[in-house]
Each structure stands twice: as structure tokens, then as C-alpha cells.
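Here's a quick look at one structure, going from the overall picture down to a single residue. Have the sequence and the 3D view open as you read.

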Amino acid sequence: MTCPKCENPTVPVTRNGTTTQVCAACDTPDRTCTWCKVPMSKRLVGNGQYLHYICPKCRFQHTAKFS
Ligand SMILES: [Zn+2]
Ligand SMILES: [Zn+2]
């Protein structure tokens, strides 16, 4: 299944016992690196419950709860 907006592949995420297809690129907030001020790349981890950010320049990593 692909996202209708960006055509990236969606990932299944389980919320409240229901599995939905979520596009990690469109349905997650953007975040810029604290130091480099560049957009961090993001992906869903932990069965879609957490967002993992990583800076492409300095490799700074940040994990946030995604609900
Ligand atoms: Zn998308
Ligand atoms: Zn950085």
C-alpha cells in the first residue's frame, strides 16, 4: 500500500487493537536538528508507537512518542 499524497510505502500501525496504514513521511511531525538546523530524517519504530529521528549531518538521534 502506498501513500496517496507522496506515494511512499505506508507501514501498518496498531492503535487500540486496530491496524491502520500510516505514511511515516506525511503523518508525522517534522523536526530539525538542534545544532545543524536541517530537517531530520524520520521513521516509525516500535510497531508505529515511536518516532525515531536522526540528523543526516551530525547523526544526532531523537525518539518521540507517536500516537
Ligand atoms: Zn505520504
Ligand atoms: Zn545535526
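## Overall picture

Of the protein's 67 residues, 12% count as buried. Keep in mind that this is a predicted model.

As for extent, the C-alpha trace spans about 40 × 25 × 15 Å along its principal axes. Take the contacts between residues at least 6 apart in sequence: 17% of them join residues at least 24 apart.

## The hairpin of strands 4 and 5

Strand 4 (residues 50–54) and strand 5 run antiparallel, with five bridges joining them. One pair to look up is leucine 51, whose bridge partner in strand 5 is alanine 64. The two strands make a hairpin with six residues between them, and arginine 59 in that turn has a positive phi of about 65 degrees.

How many of the five residues of strand 5 are buried? The number is zero, so strand 5 (residues 61–65) lies largely in the open.

## Around serine 41

Serine 41 sits in strand 3, which covers residues 41–45.

Leaving out residues up to four places away in sequence, serine 41 touches Ile54 and Pro56. Serine 41 and proline 56 are 15 residues apart in sequence, while their C-alpha atoms are 6.9 Å apart in space.

Definitions and conventions:
Residues numbered from 1 in each chain as written. Chains lettered and ligands numbered in written order. Predicted model: local features only at pLDDT ≥ 70, side-chain atom pairs only at ≥ 80, totals over all residues. Buried ≥ 20, exposed ≤ 12 C-beta atoms within 10 Å, placed from the backbone. Helix = DSSP H or I, 4+ residues; strand = E, 2+ residues; numbered from the N terminus. Pairing = 2+ DSSP bridges. Contact = placed C-beta atoms within 7 Å.
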